[in-house]
Amino acid sequence: MASRVAHKMMRPFRVLRDEGPREFAARVLAKAHARVARHRPAMLVDLGDASRVDWTVRPPAMEDPISVAEGPVEIAWIMSPPGDGSGGHQNLFRFIRFAELAGHRCRIYLYRSSEMPVSIADIKAMVTSRSAYADVDAEIVMYDASTGVLPTTQAIFATGWETAYPAYLDPSRARRFYFVQDFEPSFYPLGTESMLAENTYRFGFHGITAGGWLSAKLHDEYAMTTDHFDFAVDKTHYSVTNRERRSEVFFYARPVTARRAFEFGVLTLSEFAKLKPDVTINLAGWDVSGWELPFAYRNLATLDITELNDVYNRCAAGLVMSLSNMSLLPLELMSSGVAPVVNDGPNNRLVSDNPFIEYVKPSPAAMARRMVEVLDRPDAVERSIAMAASVENVNWEDSGAQFLSAFERAMRG
């Protein structure tokens, strides 16, 4: 024991002797900083906002919400800052545009929990330059809790779990809505963030969800008032251009998005590569050059939406893993003549029961075999054309009409 204590006491002198005064000083400062520094949890929601929301007591502002008997509605959309490849934001802008085309006046409020600066000019430039983002007339401003939304606002949309907190706390009498695109508590391990996300379904907002699975889940499990719009596909970007037999496959590879089950997809493709070693495997959705994968592949990283159709039209099968709400990819793949191979489950089937979606029990070997079966079908070309035809009349304009019908019905009181 004495020798261990002596060894510990002599450590600073050895550092000074062996590594010099500069390194010695750096270590002393680092240790001093570690002793006085306090860890502050980093979350999407401001912790003060999370603390102030007591959803067990309905706030006065929400007791008698505004109704609009007729005419346009002034809508505030509270969202996190949009990103270049954020499919959720891209879809959100699509529906903001539907609201504008119906005559409603929209304003976008950006919410952030950190003190990191946000450049409105850069966000506007990014949105304008990306074909996946709809052109909207809505002004984009930062959300300021001290002033809230404009006094003329008649409806507030929360658009992600973190934005439900400022939407709840805002003093406006505007009617509260929740544009829900996924079950966000499942994005996190069981803990504070998953609980804070789950609590937002108890805030008393009117939910308008992407697909029927979410609508049923939030209504049945949280007594939330819900409507939904159906998934659709943009035919300007996806169509069959290759009417020959296809010899490649596709995987939506998102290692940074846990619900897309990247590792499970890799297991599936490992089995597939053993069965079809000469078939090209295309990976897109993220740059996976830093991952060591046990099969040959083409790393397409992140592609612009205008580049996807060419890739899809080389492929017979597309592996899409969806562990929460279904991805938009299965319908987009089918529009390009690709058979989606998707893990089976109510979260997917309740969104689309299209017979051309290859629902498979979540076994890597079983999913790999189904991909092989798709490639080897003698009627692969005819089936490719038929599956594209099956989504020919599945349009976003119809989904927009569903959204507007639900929203306007709720606003009329």
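This is a predicted model: local features need pLDDT of at least 70, side-chain atom pairs count only at pLDDT 80 or more; totals for chains, interfaces and linings use all residues.
## Close-up views: aromatic rings and the cavity

The structure holds 32 aromatic pairs.

**View 1. The ring pair of Trp77 and Phe179.** These two residues form an edge-to-face aromatic pair, with 6.3 Å from centre to centre and 70° between the planes. Trp77 belongs to strand β1 (residues 74-79) and Phe179 to strand β5 (residues 175-180), so the pair ties together parts that lie 102 residues apart in sequence. Both Trp77 and Phe179 are buried.

**View 2. The ring pair of Tyr178 and Phe205.** Tyr178 and Phe205 form an aromatic pair that is edge-to-face, at 6.1 Å centre to centre and with 70° between the planes. Tyr178 is in strand β5, while Phe205 is in the loop between α7 (192-199) and β6 (206-210), so this pair ties together parts that are 27 residues apart in sequence. Tyr178 has a relative accessible area of 1% and therefore counts as buried, the limit being under 20%. Phe205 is buried too, with a relative accessible area of 3%.

**View 3. A cluster of aromatic rings.** Ring pairs link a set of Phe and Trp residues into a cluster. Its members are Trp77, Phe95, Phe98, Phe157, Phe177, Phe179, Phe229, Trp396, Phe403 and Phe407. Trp77 and Phe179, the pair of View 1, are among them.

**View 4. Charged side chains over rings.** Lys217 lies over the face of Phe183, at 4.6 Å from the ring centre. Arg259 is placed over the face of Phe187, and its distance from the ring centre is 3.9 Å.

**View 5. The cavity and the residues around it.** A search of the whole structure finds 1 cavity of 30 Å³ or more. The largest cavity holds about 140 Å³ of space. Its lining is made up of 17 residues, and those nearest the centre are Ala316, Gly337, Ala380, Val381 and Ser384.

**View 6. Elements and residue types in the cavity lining.** Two elements, β11 (315-320) and α14 (380-390), each supply at least two residues of the lining of the largest cavity. The largest share, 5 residues, comes from α14. By type, the lining of the largest cavity divides into 7 nonpolar, 3 polar and 7 charged residues.

Methods
Residues are numbered from 1 along each chain as its sequence is written. Side-chain values use heavy atoms; hydrogens and water are left out. On a 1 Å grid over the protein atoms alone, a cavity is a set of points where a 1.4 Å probe fits but cannot get out, and a pocket is an open set with protein on both sides within 12 Å along at least five of seven lines; lining residues have an atom within 4 Å of a point. Grid points are joined across faces, edges and corners, and a volume is the space filled by probe spheres set on the points. Helices (H or I, at least four residues) and strands (E, at least two) are DSSP runs, numbered from the N terminus. Ala, Val, Leu, Ile, Met, Phe, Trp, Tyr, Cys and Pro count as nonpolar, Asp, Glu, Lys and Arg as charged, and the others, Gly among them, as polar. Rings of Phe, Tyr and Trp (its six-membered ring) pair if their centres lie within 6.5 Å; planes under 30 degrees apart count as stacked, over 60 as edge-to-face and the rest as tilted. Buried means under 20% relative accessible area, exposed over 50%, partly exposed in between (1.4 Å probe, protein chains only). A charge sits over a ring if NZ of Lys or CZ of Arg is within 6 Å of the ring centre and within 35 degrees of the ring normal.
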